[in-house]
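Please open the model in your viewer and keep the selection tool handy.

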Amino acid sequence: MEVPHKPDEVKKHQPNKCMTCPHFASCVANGNVFECGEKRFIVEAVVTTKVIEHQSLKAVACPCGESKLKGEFPEEVKAYVQYGDSFTAMAGLLSTFGAVSTDRIQTIIDGMFSVTLSEGTICSMVEKCGQKVTPIVEKIKELLIGSSVVNFDETGVRVEGSTQWVHNSSNAKYTYLTVNKKRGQEGIEDNGVIQNFGGTAVHDCWGAYWKFKDILHAVCCAHLLRELIANIENNPTHVWAERLKTLLITMKTAKEQAIEEGKTELRENLIKALEHEYDEIMAYANMECPPPDKIEPKKRGKKKKGKERALIDRLIKLKNSVCLFIHNFLVPFDNNQAERDLRNVKTKAKVSGCFRTKAGAQTYLKITSYLSTVKKHGINAFEALALAFKGETEKVLI
């Protein structure tokens with residue numbers, strides 16, 4: 001834990017015995033008798049309000065003879081009493097990143113500052129935050145499009161009484177979230193990143209992502225591990241899944257050790273050995289769980305594969321995407337980055353239950369995209385919203 005800034009107050013504690021000594025006053029006045037032997041700090045929160053009065057002055061004794069001269073209030077000062085940007089930023093921060101409901105925001109602000117905000121005022125404040133961050137969120141989208149690796153994922157949320165889908169595009173630096181009625185290709189394209197992207201897309205093998213052909217695809221191996229564990233439990237006599245699980249973990253460990261040693265790639269012979277082992281395991285999987293006959297007697301169409309066979313076929317077909325993370329160290333082993341960036345959405349849904357309007361959901365996602373991004377850049381969320389109100393959001397990404 002660090003002290004946030006220089007002390008506002010210093011309290012000095014002299015030895016108890018000295019304080020009863022008849023020479024104590026003169027020793028203190030001397031200035032050379034005592035020196036600091038040890039420091040300890042207490043950090044307190046100061047909760048207060050600052051009221052700024054704006055006065056419009058009129059000329060009552062103008063030497064030029066003018067009788068109707070009157071000062072104008074600044075454009076942002078519109079009401080007799082209004083709340084400043086600090087309250088607006090606080091409401092936006094609590095509603096989005098804090099996942100606090102509107103009635104609890106009322107309670108918190110009233111309890112801390114003795115300021116009563118209506119539900120409508122709080123909603124207007126959150127909407128204003130969304131408007132302020134819109135330009136920088138569009139910039140975040142552009143930066144993701146120009147990135148070499150981007151994680152993609154989606155999660156369901158209730159909007160306007162039905163399930164809609166929050167689509168995430170993100171990496172270690174940026175987060176961009178949108179909402180759409182569709183989970184598949186339409187919703188992914190509406191997000192606006194992947195179809196304009198030219199790098200490597202990391203995802204969980206959801207079929208809609210494979211429709212985008214002009215990019216590299218990397219499969220989330222954490223999802224594969226879960227599927228392999230389920231297969232091991234359901235087919236205990238088959239050993240191929242256990243062998244592949246061990247191989248994936250070995251690949252991950254080899255990459256991590258290379259990174260710790262300051263390397264940017266694995267040795268070519270090691271990659272060939274690992275991929276050869278992959279091929280051998282899948283060949284063994286074909287023996288343990290062979291493909292079904294193409295045509296089932298007296299029935300039209302293909303015979304159902306079953307979960308195990310479908311998994312084997314997918315692993316054989318997607319070998320390059322599964323193993324891409326050992327070829328390119330920028331590609332992660334899993335898609336956890338995208339899942340982390342969607343976690344706040346799930347928390348908000350648990351607190352609020354749903355979004356009443358799509359506009360409200362979009363506002364929430366804009367602010368969350370911005371605050372998630374600034375967090376990745378080590379910037380305080382409240383400070384970042386304050387910069388948005390000053391029109392200085394470019395400082396966030398510099």
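Start by selecting M112, which is partly exposed at a relative accessible area of 42% (buried means under 20%, exposed over 50%, partly exposed in between, with a 1.4 Å probe and protein chains only). M112 sits in helix α4, residues 102–113; helices here are DSSP runs of H or I with at least four residues, strands are E runs of at least two, and both are numbered from the N terminus.

A word on the model itself: it is predicted, so local features need pLDDT of at least 70 and side-chain atom pairs count only at pLDDT 80 or more, while totals for chains, interfaces and linings use all residues. Residues are numbered from 1 along each chain as its sequence is written, and side-chain values use heavy atoms, with hydrogens and water left out.

Next come the salt bridges, each a side-chain nitrogen of Lys or Arg within 4 Å of a carboxyl oxygen of Asp or Glu. The structure holds 12 of them. Select D313 and R309, whose side chains meet at 2.6 Å, N to O. They are about one helical turn apart, because they lie four residues apart in helix α10, residues 307–317. Is R309 buried or exposed? R309 is buried, at 2% relative accessible area, whereas D313 is partly exposed at 23%.

Then select E261 and K263, another salt bridge, with the closest N and O atoms 3.2 Å apart. E261 counts as exposed at 54%, and K263 is partly exposed at 40%. For one more pair, pick R40 and E38, bridged with their closest N and O atoms 3.2 Å apart; both are exposed.

Finally, select F152, D153, H167, N168, S169, I188, N191 and Y209, the lining of the largest cavity. The elements giving two or more residues to this lining are β1 (149–159), β2 (162–170) and α6 (185–191), and β2 gives the most, with three.

Note on methods: On a 1 Å grid over the protein atoms alone, a cavity is a set of points where a 1.4 Å probe fits but cannot get out, and a pocket is an open set with protein on both sides within 12 Å along at least five of seven lines; lining residues have an atom within 4 Å of a point.
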